[in-house]
Amino acid sequence: ERRLLAPDKLRLEIIMHIVHTISGIAYYETGRDAILSLSDPTKFCQIWRRCIDGSFLNPDGIITVGSNNLKKFAFEGVASMTKSPELQNMIIGSGIVWHLIYCMLQYDPTMEDAIIMSEDQVDGELSQAACNAQAKLAARGLGMLCGVMKDKLSTTANELLCDAMKNVLTQ
């Protein structure tokens with residue numbers, strides 16, 4: 001039996017819309033509660049991590065045109081989901097922290113004044129401007145997972161993760 005699959009670009013677009021929708025839903029407490037009521041919210045968090053590390057789309061690690069938006073929406077979802085202490089712990093447990101740190105380390109301050117023409121390059125390579133945008137979202141997500149953000153980004157403090165990050169990251 002031969003299975004017919006949609007082309008990669010169409011599958012990416014479908015997944016991107018799903019992740020964007022779930023990110024919007026997770027913004028609300030009722031949405032976060034709905035995620036927690038899934039049969040296996042831990043597996044959901046692991047799949048979410050795969051949207052950020054790229055393994056969900058392409059196990060070979062090759063960057064696909066359009067994947068920048070998928071990652072952006074996944075980063076936004078992390079920020080929303082961390083407002084729930086239970087989801088915050090599940091997201092940390094998924095191993096996402098290392099991928100957030102990796103994205104942060106891709107930041108180049110010399111590109112701060114560069115104009116982003118497009119988040120996706122025609123040839124499918126990740127531009128430095130897109131890396132910087134992802135690094136900022138990763139820093140926000142990591143800060144929210146640690147519970148060190150203020151005002152609207154405030155989340156439950158996670159002293160264990162915060163102490164670990166103090167040892168891993170420099171001032």
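This is a predicted model: local features need pLDDT of at least 70, side-chain atom pairs count only at pLDDT 80 or more; totals for chains, interfaces and linings use all residues.
## A look inside the helical core

Residues are numbered from 1 along each chain as its sequence is written, and side-chain values use heavy atoms, with hydrogens and water left out.

So how exposed or buried is Leu-100? At 0% relative accessibility, Leu-100 counts as buried. The cut-offs are under 20% relative accessible area for buried, over 50% for exposed and partly exposed in between, with a 1.4 Å probe and protein chains only. Leaving aside neighbours within four places in sequence, Leu-100 is in contact (heavy atoms within 4.5 Å) with Phe-75, Ala-138, Gly-141, Leu-142 and Leu-145. Leu-100 and Ile-52 are 48 residues apart along the chain, yet their C-alpha atoms are separated by 8.3 Å.

Now for the core. The largest nonpolar core has 33 residues, and those with the most contacts inside it are Val-19, Met-81, Val-97 and Leu-145. Such a core is a set of buried Ala, Val, Leu, Ile, Met, Phe, Trp, Tyr and Cys residues joined through side-chain atoms within 4.5 Å. Two or more residues each come from H1 (8-26), H3 (41-53), H4 (67-81), H5 (85-93), H6 (96-105), H7 (128-146) and H8 (159-168). H4 gives the most to this core, with 6 residues. In soluble globular proteins, nonpolar side chains tend to be buried together.

Take Leu-145: not counting residues up to four places away in sequence, Leu-145 touches Thr-82, Gln-88, Ile-91, Ile-92, Ile-96, Val-97, Leu-100, Asn-158 and Leu-161. Asn-89 lies in helix H5, 56 residues from Leu-145 in sequence and 8.2 Å away in space, C-alpha to C-alpha. Asn-89 is partly exposed.

Helix H2 (residues 29-36) has Gly-31, Arg-32 and Ile-35 as its buried residues. Seen down the axis of H2, these fall within an arc of 100°, so they line one face of the helix; the arc is that of the directions from the helix axis to the C-beta atoms. They pack against H1, H3, H4 and H5, while on the other side of H2, Glu-29 and Thr-30 are exposed.

What about salt bridges, meaning a side-chain nitrogen of Lys or Arg within 4 Å of a carboxyl oxygen of Asp or Glu? The count comes to 1. Asp-53 pairs with Arg-49, the closest N and O atoms being 3.2 Å apart. These two are 4 residues apart in helix H3, so about one helical turn separates them.

The aromatic count comes to 2 pairs. One of them is Tyr-27 with Tyr-28, edge-to-face at 5.1 Å centre to centre and 85° between the planes. The rule pairs rings of Phe, Tyr and Trp (its six-membered ring) if their centres lie within 6.5 Å; planes under 30 degrees apart count as stacked, over 60 as edge-to-face and the rest as tilted.

| Residue | Relative accessible area | Class |
|---|---|---|
| Asn-89 | 46% | partly exposed |
| Tyr-27 | 49% | partly exposed |
| Tyr-28 | 51% | exposed |
| Asp-53 | 25% | partly exposed |
| Arg-49 | 18% | buried |
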